[in-house]
Amino acid sequence: MNRGGRPPFDSQRPPRPKREKGSTRSKIRDPLPKGDGAAADPRAAAARKPARPRPAAGQPPAAEPGRGGPAAPQSRPPQAPRSADQRPANGGAPQASDPRGRAPAPKAAAAPPVAVAPPQHPHEPDYHATSWSDEDLQDQPVGPEGFRCGAVTLAGQPNAGKSTLTNRLLGEKLSIVSPRPQTTRDNLRGILTTPRSQIALIDTPGIHKARSQLNRAMVGQAVEALESVDVVVLVIDAVKAARWAAEVDRQRALQIAAGGQPGSLGPATGPEAEEDSEDAEESSEPAAAAAEGQAAEKKAKPKRIPLDDHLHPGDRRVIRQILDHTTKWMVALNKIDVVKPRHLLAVMQALNSAPHIGPVVPVSAWTADGLRQLITAIEGYLPVGEMAFAPDELTDRPLRYLVAELVREQVFLQIREEVPYGVACETEVYEELEDLSHIQVVVHVERPAQRAILVGKAGSRMKQIATAARLQMEQLCGRKVFLEVHVRIEPSWSERLDKLREFGYLVD
Ligand SMILES: Nc1nc2c(ncn2[C@@H]2O[C@H](COP(=O)(O)OP(=O)(O)OP(=O)(O)O)[C@@H](O)[C@H]2O)c(=O)[nH]1
Ligand SMILES: [Mg+2]
């Protein structure tokens, strides 16, 4: 196996981050120099945020003998002491000096940098602005009185806003978000506890027509999450949905004006053309089945549920998947901050004719509009019962999983080419030292060319990726982070089942 760029101290590679709650800290060599600068720096102490109680699950133990605990020598971060504005662009990430993506050994330095204001993420809202108090949740859910507890899956097409919505409901950034489709690759469970309910929210990869092994694994995870939950919330991108419905109407009007019969038509070109052609294939099924020889074959196929063609073909595909697994489903029509309500009428009407559909709630994960109603609607499906998780628990995923995802997110945000789809990230080291967390993430790519793009000229690209990821990590962990990122080549990992399993994308 090609391990290009693998640093020598990787030989004690820890096991892959566990999916279960409370994964153990990996055994590693201490990569940090010993010293006393961090403890002595009052700026760092003042700037450090108090540790947040969440995420409780999976958080590595605070200290381990010889690893920053009381018995250990005091550790010092490898960055030079600088003011916030003078910080190195990579924030301590080592790639800048090494175009092969390999980290130099951390150098001794006097003190950690002071904390900076949380970064602004133009692609997502401030999730922390959300909380759900009794006053927020005044409407009562349908059904019996009492505390409710249950599980909900957020499913939908790629890019519908499932992860943004998950984060917004939780009031914390757990899932990574980007404007590009297929950002989420595996299911992530976040726990939302309100004064009257506890909801396990499962964010899933977008359901789409998957071709590669990786995409099949992603869709497989999403489909699996449709089972054994109390309700599935179909998240629809209202912009895409409204555009599709309007285009269907427009083409119908053209057909009628030309003296023809209105048929099932959608846009013939553009990004939705592929979905469209798939749907056209489906539409021709009844006619084909009329042929005697094909009748038996038709019977063997799963029942094709008729749905209004004002619904986007991609949404129809998801609805059929949902109906294959459950009859308890409802809709969050997301992104209403950028669509006029009148443009959604056709979509709402089309949805209302779908079998077993529950409430359709227009929401905006950006502005939080409609989220109160969404929670109330979800609660209507949950059984009355006691909490299944501690009230301060946020997720069953360990921090080491979340931090690797933050690096992948930056790859999605900062690299325009196809590279992000060939990138997988793994945390190899996660250790909490006295003054900071030392995190080492490996970025796997499939080809040397991808590595070159990722690393950039003299490591400048990777420097930016690592800096942005580190700032996010500091926000998530509530303390300073020393981040190292290494790039390795893992040929064709996205087509290899063993690698997909190892990276956690394929769950048997
Ligand atoms: N205007 C607007 N944009 C939104 C809203 N919710 C999400 N977005 C944007 O939509 C894009 C996709 O959001 P994600 O949350 O990553 O979508 P997703 O459904 O999780 O996508 P995949 O993980 O690829 O399946 C991002 O650019 C978000 O900022 C919203 O309510 N309003
Ligand atoms: Mg997502």
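## Close-up views of a predicted model

**View 1. The shell around ligand 1.** The residues around ligand 1 divide into nine nonpolar, 13 polar and four charged. Keep in mind as you browse that this is a predicted model. Of the 26 residues in the shell, those that come nearest to ligand 1 are Gly161, Ser163, Thr164, Thr184 and Gly206. Which helix gives the shell its largest share? That is α3 (residues 162-170), with three residues.

**View 2. The partners of β3.** Strand β3 pairs with β1 in the parallel sense, over seven bridges. To find your place in this pairing, look for alanine 151, which stands opposite alanine 200 of β3. With β2 (residues 188-194), β3 runs antiparallel, and seven bridges join the two strands. Here a handy landmark is arginine 189, opposite isoleucine 202 in β3. Strands β2 and β3 form a hairpin, with two residues between them.

View 3. Phenylalanine 147 is found in the loop that lies between α2 (42-47) and β1 (148-156). Is phenylalanine 147 buried or partly exposed? It counts as partly exposed because 14 other C-beta atoms lie within 10 Å, whereas a buried residue would need 20 or more. Leaving aside residues up to four places away in sequence, phenylalanine 147 touches Arg196, Ser197, Val384 and Glu386. Glutamine 198 is 51 residues from phenylalanine 147 in sequence, yet their C-alpha atoms are 8.0 Å apart in space.

**View 4. The open sheet β7-β8-β9.** Three strands form this open sheet in the order β7-β8-β9, with mixed pairing. Its edge strands, each pairing on one side only, are β7 (424-432) and β9 (480-489). Neighbouring strands are turned against each other by 20° on average, direction ignored. Strands β7 and β8 (residues 436-445) run antiparallel and are joined by eight bridges. Within that pair, glutamate 426 stands opposite valine 442 in β8.

**View 5. Two helices on the sheet.** Helix α13 (residues 448-455) lies across β8 and β9, running at about 150° to β9. Helix α14 (residues 460-477) packs on the sheet too, where it touches β8 and β9. The direction of α14 makes about 135° with that of β9.

Key: Residues are numbered from 1 along each chain as its sequence is written. Chains are lettered from A and ligands numbered from 1 in the order in which they are written. This is a predicted model: local features need pLDDT of at least 70, side-chain atom pairs count only at pLDDT 80 or more; totals for chains, interfaces and linings use all residues. Helices (H or I, at least four residues) and strands (E, at least two) are DSSP runs, numbered from the N terminus. A residue is buried if 20 or more other C-beta atoms lie within 10 Å of its own, exposed if 12 or fewer, and partly exposed in between; C-beta atoms are placed from the backbone. Two residues are in contact if their C-beta atoms, placed from the backbone, lie within 7 Å. A residue is near a molecule or strand if its C-beta atom, placed from the backbone, lies within 6 Å of it. Ala, Val, Leu, Ile, Met, Phe, Trp, Tyr, Cys and Pro count as nonpolar, Asp, Glu, Lys and Arg as charged, and the others, Gly among them, as polar. Two strands pair if DSSP finds at least two bridges between them. Axes are lines fitted to C-alpha atoms, for helices over the stretch in contact, and angles run from 0 to 180 degrees between N-to-C directions.
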